[in-house]
Amino acid sequence: MSPRAGSAGSHTLAFVESPVQLLNVLEWAHTHAHSAAAAADAGLTRATAPGAELTLVVLSPNDPMTRGQLRRMAELARDEGHEVRWEEARGGTTAPFHTIGGLAPLLRRARRIVMGDPFSRYVQLLLTITRAQDLVVVDDGTATMEFVAQLARGERLVRWHRRGGRPGARDVLFAPVSASARRRLTPTEHRTVEVFSSMPIESAPDGVRITANDFSWTRARFGPPRITKGADLVGTSLVETGVVDPDRYLEAVRSLAAAHGATRYFAHRRESTDKLHRLAAETGLEIVRPDLPLELIARRGPIGRTILSFPSTVVHTLPLALVGTEVRVAVCDIDPAWLTENASPRAQGFLSGVTGTARDVHQLSAVSTA
């Protein structure tokens, strides 16, 4: 095993469903390796410090772009000395049963579970099987902020852009599993819960340990980047999730690119092909489909001197990944007029909170789409 894998946990099992989640598991393992080394220097026993071997389970989605990024990230994880287990978790009607059945022995032996998405029904179901008394939630972007807030309020775990709608039949059927997962994610005298995050978490439930993710692994492995004179624009999946009207979004991108001289548009992995074709045709922007999370793409470079974004995870993570460079991250507010009639009542407040809590970014007013 590579010495760089050194202290992620001798019986640690990590579950990821997206490239960003996998990246943040690597960041967590790197941070805990340094914690273990410091503990060893202080004379603590191996049992006291975070342990040694990490098995990383990829619950693969069907989306081709996400799968491609996950495979690239899996290669990086193997380079770090971690074991990677790829599960075709959504490869047909019987796939979940085969996946869960195959993972059950590992789940029962694991002392620590690391997860990237506590809202995931897959992950919630797996939590009902494990006996692990050490649970870790790593960043899944801005959803982490909502997870901690809901846990503190004792609410059911629901993604922010779905709140306000009536629960469907599947929600009702799954409610007991979700409630069980919420209980498992609540610290007790015998169970620890850690949230490893770069997000601004102002308060957490009693007993939940917050560990800062400063992207030290990313900065150690990549860069510094070559910086170009122009501006790059970061895409968002707010249209695909039904929050923002597609026509208003296209106009906002066109106006933002014209105002700041942006030439490239880094597509979010969930953006539809039709939308991206329309963006390219109507704005003249070069559409880039990254093969890795944007934090790694930006750190490797080349990258524009200014990175423009709408409210999203990257307004929190990119300043950390690019610390020490001359790159400026600027975030453009979402105008309430851009929201669809089906958007959650909490959408505007949540998105404003993402913008308002971002550190080391330049805030832009919403551009006109009239």
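F215 sits in the loop between β7 (208-212) and α7; helices (H or I, at least four residues) and strands (E, at least two) are DSSP runs, numbered from the N terminus. This is a predicted model, in which local features need pLDDT of at least 70, side-chain atom pairs count only at pLDDT 80 or more, and totals for chains, interfaces and linings use all residues. Residues are numbered from 1 along each chain as its sequence is written, and side-chain values use heavy atoms, with hydrogens and water left out.

**Backbone and loops**

- The phi angle of F215 is near 60°, a positive value in a residue other than glycine.
- F215 is buried, because its relative accessible area is 1%; buried means under 20% relative accessible area, exposed over 50%, and partly exposed in between (1.4 Å probe, protein chains only).
- G223 and P224 are joined by a cis peptide bond, with omega about 5°.
- P224 falls in the loop between α7 (216-221) and β8 (227-234).
- A cis peptide bond also links G301 and P302, with omega about 0°.
- P302 belongs to the loop between α10 (294-300) and β11 (303-309).
- N342 is in the loop between β12 (328-332) and α12 (347-356).
- N342 counts as exposed, because its relative accessibility is 66%.
- C-alpha to C-alpha, N342 and V243 are 7.2 Å apart in space, yet 99 residues apart in sequence.

**Packing of α8 and α9**

- Two packed helices are described by the angle between their axes and the distance between the axes.
- The axes of α8 (residues 246-260) and α9 (residues 273-283) come within 10 Å and cross at roughly 40°.
- Therefore α8 is oblique to α9; angles under 35 degrees count as roughly parallel, over 145 as roughly antiparallel, 65 to 115 as roughly perpendicular and the rest as oblique.
- Axes are lines fitted to C-alpha atoms, for helices over the stretch in contact, and angles run from 0 to 180 degrees between N-to-C directions.
- On the α8 side, D247, Y249, L250, V253 and R254 meet K275, R278, L279, E282 and T283 of α9; contact means heavy atoms within 4.5 Å.
- By class, this contact has four nonpolar, one polar and five charged residues; Ala, Val, Leu, Ile, Met, Phe, Trp, Tyr, Cys and Pro count as nonpolar, Asp, Glu, Lys and Arg as charged, and the others, Gly among them, as polar.

**Whole chain**

- The chain has twelve helices and 13 strands.
- Of its 370 residues, 54% count as buried.
- Among contacts with a separation of 6 or more, 72% come from residues 24 or more positions apart.
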